[in-house]
Amino acid sequence: MSAQNYMQKEQKSLMKLINFRLPRQFMIFGLIVFGLSFLLLIFREAVFGIDSLYIKEGLQKSLLVSMLIMSLTKDKEEDEMTTQLRMQSYAWAFITGVIYALVMPYVEFGVGSILNEGEETIGTLGDFRILVFMLLVQLMSYHVLKRYR
Amino acid sequence: MENTIKVERAILDLTQEDLARKIGVSRQTINSIEANRYVPSTVLALKMSALFNKPVNEFFKLSPDD
């Protein structure tokens with residue numbers, strides 16, 4: 001195989017990966033899993049009887065997976081414009097995610113210092129909060145961009 | 001970029017929906033192209049060219065700020 005053929009094959013498989021979308025039916029599945037995970041995360045103590053860290057982490061992961069499924073699901077009418085809007089929404093999610101991760105600890109520190117009279121320390125955000133924020137921004141911005149296209 | 005797709009569509013007596021179906025995109029995409037909110041890809045422009053039976057530069061023109 002020549003170098004050019006190899007590069008073309010590589011490019012083709014990369015484009016295939018970039019354009020990968022789940023079938024439309026996965027949106028409903030994602031929404032159901034998201035709803036269930038969200039409710040169970042809030043009422044886990046009442047439902048499971050204990051407040052276990054494993055249960056909490058498991059529900060957080062299923063919440064993230066459900067949002068990722070919704071993010072990767074095909075649109076009703078998928079064309080080159082929706083692909084462009086989707087890429088734009090991923091860019092927004094990435095940029096706002098970085099800003100959120102950089103700024104939020106200081107905001108929390110400021111608010112905490114006021115409420116706890118200066119006994120607060122600067123912490124870091126967990127991966128769950130950053131990922132949920134990024135996925136939320138992606139899903140919402142994609143919806144907004146589609147509405148105003 | 002400016003375009004006269006609306007005029008070309010009227011010549012062929014096509015609705016946005018008809019044109020969208022013929023070139024395999026959504027009606028909203030045609031609407032956005034006509035309103036100059038979206039610049040289509042070369043593939044889409046060539047599909048339109050084949051449908052209108054005209055070269056691309058007859059219905060797509062660069063605007064002064066391009």
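A residue is called buried here if 20 or more other C-beta atoms lie within 10 Å of its own, exposed if 12 or fewer, and partly exposed in between, with C-beta atoms placed from the backbone. Leu131(A), with 17 C-beta neighbours inside 10 Å, therefore counts as partly exposed. I will come back to that residue after the overview.

First, the conventions. This is a predicted model, in which local features need pLDDT of at least 70 and side-chain atom pairs count only at pLDDT 80 or more, while totals for chains, interfaces and linings use all residues. Residues are numbered from 1 along each chain as its sequence is written, and chains are lettered from A and ligands numbered from 1 in the order in which they are written.

Chain A, then. There are six helices and zero strands in it; helices (H or I, at least four residues) and strands (E, at least two) are DSSP runs, numbered from the N terminus. Read along the sequence, the pattern of chain A is α-α-α-α-α-α. Its radius of gyration is 20 Å, well over the 15 Å that the globule rule gives for 149 residues, so chain A is more spread out than a compact globule. That radius is taken over C-alpha atoms, and the rule is 2.2 Å times the number of residues to the power 0.38. The C-alpha trace of chain A spans about 65 × 40 × 35 Å along its principal axes. Of its 149 residues, 10% count as buried. Among the contacts in chain A with a separation of 6 or more, 75% are between residues 24 or more positions apart; two residues are in contact if their C-beta atoms, placed from the backbone, lie within 7 Å.

Now a helix pair in chain A. Two packed helices are described by the angle between their axes and the distance between the axes. H5(A) and helix H6 (residues 127–147) of chain A pack at an angle of about 145°, with their axes 8 Å apart. Axes are lines fitted to C-alpha atoms, for helices over the stretch in contact, and angles run from 0 to 180 degrees between N-to-C directions. The crossing of H5(A) and H6(A) is right-handed; a crossing is left-handed if the near helix is turned anticlockwise from the far one by less than a right angle, and right-handed if clockwise. By class, the contact of H5(A) with H6(A) has 13 nonpolar, seven polar and two charged residues. Ala, Val, Leu, Ile, Met, Phe, Trp, Tyr, Cys and Pro count as nonpolar, Asp, Glu, Lys and Arg as charged, and the others, Gly among them, as polar.

Back to Leu131(A), which is found in helix H6 of chain A. Its C-alpha atom is 7.8 Å from that of Gly97(A), 34 residues apart along the chain. In the loop between H5 and H6 of chain A there is Glu120(A), partly exposed with 15 C-beta neighbours inside 10 Å. Leaving aside neighbours within four places in sequence, Glu120(A) is in contact with Phe109(A), Gly112(A) and Ser113(A).

On to chain B. It has five helices and two strands, and from the N terminus on its elements run β-α-α-α-α-α-β. A compact globule of 66 residues would have a radius of gyration near 11 Å, and chain B, at 11 Å, agrees. Of the 66 residues of chain B, 20% count as buried.

What does each chain give to the contact between them? Nine residues come from chain B and five from chain A. Helix H3 (residues 27–34) of chain B gives the most to the chain B side, with three residues. That side has three nonpolar, five polar and one charged residues.

Which residues of H3(B) are buried? They are Thr29(B), Ile30(B) and Ile33(B). Seen down the axis of H3(B), its buried residues fall within an arc of 100°, so they line one face of the helix; the arc is that of the directions from the helix axis to the C-beta atoms. What covers them includes helix H5 (80–115) of chain A together with strand E1 (2–3), helix H1 (5–11) and helix H2 (16–23) of chain B.

Last, two backbone details. Just after H3(B), Asn36(B) takes a positive phi of about 60°; Asn36(B) is exposed, with 11 C-beta neighbours inside 10 Å. Asp13(B), in the loop between H1 and H2 of chain B, has a positive phi of about 55° although it is not a glycine. Asp13(B) is exposed, with 7 C-beta neighbours inside 10 Å.
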